[in-house]
Amino acid sequence: MNAKSADKIATVVIYMISGIVALILIAMLAFILIRGVPNLSWHFLTSPARAFEAGGGIGIQLFNSFYLLILAMLISFPIALGAAIYLNEYSKKGRFTTIVRTAIEILSSLPSVVVGLFGFLIFVVQFHFGFSILSGAIALTFFNLPLLTRSIETSLAQIPNLQREAGSALGLSRWETVIHIILPAAVPSIVTGVVLSAGRVFGEAAALIYTAGQSAPALNFTDWNPFNISSPLNPMRPAETLAVHIWKINSEGIMPDANAVSAGASAVLIIVVLLFNLSARKIGAQLYKKLTSA
Amino acid sequence: MDNITQKLMQKSESTKKDSLGRAVSLAALSLIVIVVVSIFAFVMSRGLSTFFHDGVHVKDFLFGSTWNPSVVNPQTKQPYIGALPMILGSFLVTFLAAIVATPFAIGTSLFMTEIAQKRGTKIMQPVIELLVGIPSVVYGFIGLTVVVPFIRSVFGGSGFGILSGTIVLFVMVLPTITSMTVDTLKSVPRHYRESALAIGATRWQMIYKVVLRAATPGILTAIVFGMARAFGEALAVQMVIGNAALMPHNLTSPASTLTSILTMGIGNTVMGSLQNDVLWTLAMILLVMSLVFNLVVRAIGRRGEMK
């Protein structure tokens with residue numbers, strides 16, 4: 001076989017392979033959206049789930065997902081920001097930095113079940129938090145920290161050293177340079193990173209089944225006192241999220257319309273992740289415009 | 001005069017702030033390290049107590065093929081705690097998924113970087129980025145409603161098993177491997193390609209003999225990352241594999257993985273009992289394996305550094 005026909009055959013094969021892949025991927029997205037979207041209605045999105053009869057919704061699960069996401073972000077963002085600032089602005093090359101980077105890398109590759117089980121062992125059992133939003137939020141924080149730290153660090157590293165030198169030349173301390181010069185310049189890409197990681201956290205289930213629990217007690221949406229047990233804001237109540245709900249109704253199989261509910265819930269999950277992905281770039285670009293007068 | 005000396009000798013306001021800021025950010029960083037260390041410490045201590053506290057032999061655990069921790073074997077007076085079915089299941093789905101996904105991932109990334117850059121970046125890139133972010137339960141749900149019935153109608157049986165798990169994991173790791181491979185292919189310097197074409201290579205010769213060779217370490221890293229993701233994936237696999245802790249004797253019989261038995265069992269056992277301890281040992285195996293994948297990635301990176 002001469003080189004030219006080999007080239008032609010290879011090209012055809014590559015076209016076929018990528019065609020198949022594109023087909024699989026598009027078919028999957030289409031399947032979820034076509035199966036799921038017809039199930040979506042205001043009633044479905046707001047009413048509580050029903051265990052043994054058809055016609056339940058995902059209202060509480062949807063609220064839980066967002067509440068957990070916000071709590072997890074509130075805990076993990078400051079930690080990740082601090083860690084990234086130290087890694088990018090203060091640390092020197094050396095043994096400590098190598099160890100830290102290795103630790104972050106390992107944490108990011110741990111299976112999320114293991115992270116969830118660790119949260120279960122420490123917070124649910126040892127600290128007696130029980131299956132609660134708080135335990136779930138902390139488990140999600142562990143899961144989220146390495147990725148968020150890395151993405152913020154990359155954002156900081158993209159700011160040219162000229163800016164740091166300019167800060168020093170003006171007599172600013174390193175910390176002042178970071179707070180007043182580097183961070184504002186890095187805000188757009190930090191925000192993009194945060195929103196992208198939010199999409200990942202939103203769909204996480206394995207870390208939550210043994211920390212935030214698999215039950216969604218009824219909530220009283222008129223009671224916003226976080227210390228009341230039926231208040232949506234109470235961080236000590238068990239909270240099944242949307243992703244956990246999909247897993248649970250499919251593996252238990254006692255809900256008669258489990259298929260329709262999970263199709264609808266999957267569609268909601270995908271749409272939310274899609275919105276996060278799209279808005280991440282948009283918000284980043286807009287912030288950049290606003291902050292840099294470029 | 002004294003005033004000025006004092007001012008010069010003392011730390012200035014901004015130096016103090018600087019040390020404070022440095023200390024706070026260092027504390028945040030240390031917190032992450034502490035989390036990693038304590039995850040290992042706690043999971044290991046629980047996992048190892050199977051061997052030290054309950055007196056199970058490592059050999060029986062790793063190579064025993066019967067898993068039924070709540071029943072005691074009358075001959076050895078030991079419960080049935082052979083974890084081989086799960087270990088085998090995990091490795092089987094991981095390797096099979098990686099083997100199936102690799103050619104597809106490489107083909108697609110070649111399409112995106114070497115053959116049709118424009119269409120590749122415009123259509124495929126966003127789709128693949130979106131798929132990396134799709135929650136694993138959604139993959140599991142698709143597996144349960146599409147893949148399992150399909151396998152059932154083609155091969156008979158229940159449809160649950162290694163094959164269904166492999167297919168679901170294949171679709172899950174495909175975007176991960178593809179997007180990392182695309183990055184490596186893009187980092188192959190342009191002049192490599194130009195030199196190959198200039199000495200008369202066809203496009204395929206250029207791809208096969210130059211681009212792929214230069215990108216081999218990166219592609220291997222991408223595959224190992226995909227495998228690490230597949231090995232640690234819990235719910236998507238658990239939904240389609242059947243969760244029967246039996247030795248997998250063919251690809252379509254119900255089987256189980258470490259993660260699936262772990263997620264099913266941990267809530268139904270009492271802390272500190274042998275039945276619970278062996279589950280933590282499974283978690284420990286997961287932990288050790290993710291460490292191994294990490295080391296492999298490092299080794300590849302060190303050997304494959306471009307000089």
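Let's start with one residue: A:Ile75 has 31% relative accessibility, so it counts as partly exposed. Before I go on, please keep in mind that this is a predicted model.

Okay, where does A:Ile75 sit? You'll find A:Ile75 in helix H3 of chain A. And what does A:Ile75 touch, once we set aside its neighbours within four places in sequence? The answer is A:Ala137, A:Ile138 and A:Thr141. One more distance while we're here: A:Ala207 is 132 residues from A:Ile75 along the chain, and their C-alpha atoms are 16 Å apart.

Now let's zoom out to chain A. It has 294 residues, and 53% of them are buried. The secondary structure is quick to describe: 10 helices and 0 strands. The C-alpha trace spans about 70 × 70 × 40 Å along its principal axes. As for contacts in chain A with a separation of 6 or more, 74% of them are between residues 24 or more positions apart.

Next, a pair of helices. Two packed helices are described by the angle between their axes and the distance between the axes. My example is H5, residues 112–126, and H6, residues 133–157, both in chain A. Their axes come within 9 Å and cross at roughly 140°. H5(A) and H6(A) are therefore oblique to each other, since the roughly antiparallel class needs an angle over 145 degrees. The crossing is right-handed.

Which residues make that contact? On the H5(A) side, we have A:Ser112, A:Val115, A:Phe118, A:Phe123 and A:Val124. H6(A) brings A:Ser135, A:Ile138, A:Ala139, A:Phe142 and A:Phe143. Sorted by class, that's 8 nonpolar, 2 polar and no charged residues.

Last stop, the core. How many residues are in the largest nonpolar core? There are 186, and those with the most contacts inside it are B:Ile39, B:Phe61, B:Trp67, B:Tyr139 and B:Leu282. Which helix gives the most to this core? That's H3 of chain A, residues 59–90, with 16 residues. H3 is also where we found A:Ile75.

Let me pick out B:Trp67 from that group. Beyond its neighbours within four places in sequence, B:Trp67 is in contact with B:Phe61 and B:Leu282, among others. Its other contacts include B:Tyr80, B:Ile81, B:Met86, B:Ile261 and B:Val278, and B:Gly82 is on the list too.

Definitions and conventions:
Residues are numbered from 1 along each chain as its sequence is written. Chains are lettered from A and ligands numbered from 1 in the order in which they are written. This is a predicted model: local features need pLDDT of at least 70, side-chain atom pairs count only at pLDDT 80 or more; totals for chains, interfaces and linings use all residues. Side-chain values use heavy atoms; hydrogens and water are left out. A nonpolar core is a set of buried Ala, Val, Leu, Ile, Met, Phe, Trp, Tyr and Cys residues joined through side-chain atoms within 4.5 Å. Buried means under 20% relative accessible area, exposed over 50%, partly exposed in between (1.4 Å probe, protein chains only). Helices (H or I, at least four residues) and strands (E, at least two) are DSSP runs, numbered from the N terminus. Contact means heavy atoms within 4.5 Å. Axes are lines fitted to C-alpha atoms, for helices over the stretch in contact, and angles run from 0 to 180 degrees between N-to-C directions. Angles under 35 degrees count as roughly parallel, over 145 as roughly antiparallel, 65 to 115 as roughly perpendicular and the rest as oblique. A crossing is left-handed if the near helix is turned anticlockwise from the far one by less than a right angle, and right-handed if clockwise. Ala, Val, Leu, Ile, Met, Phe, Trp, Tyr, Cys and Pro count as nonpolar, Asp, Glu, Lys and Arg as charged, and the others, Gly among them, as polar.
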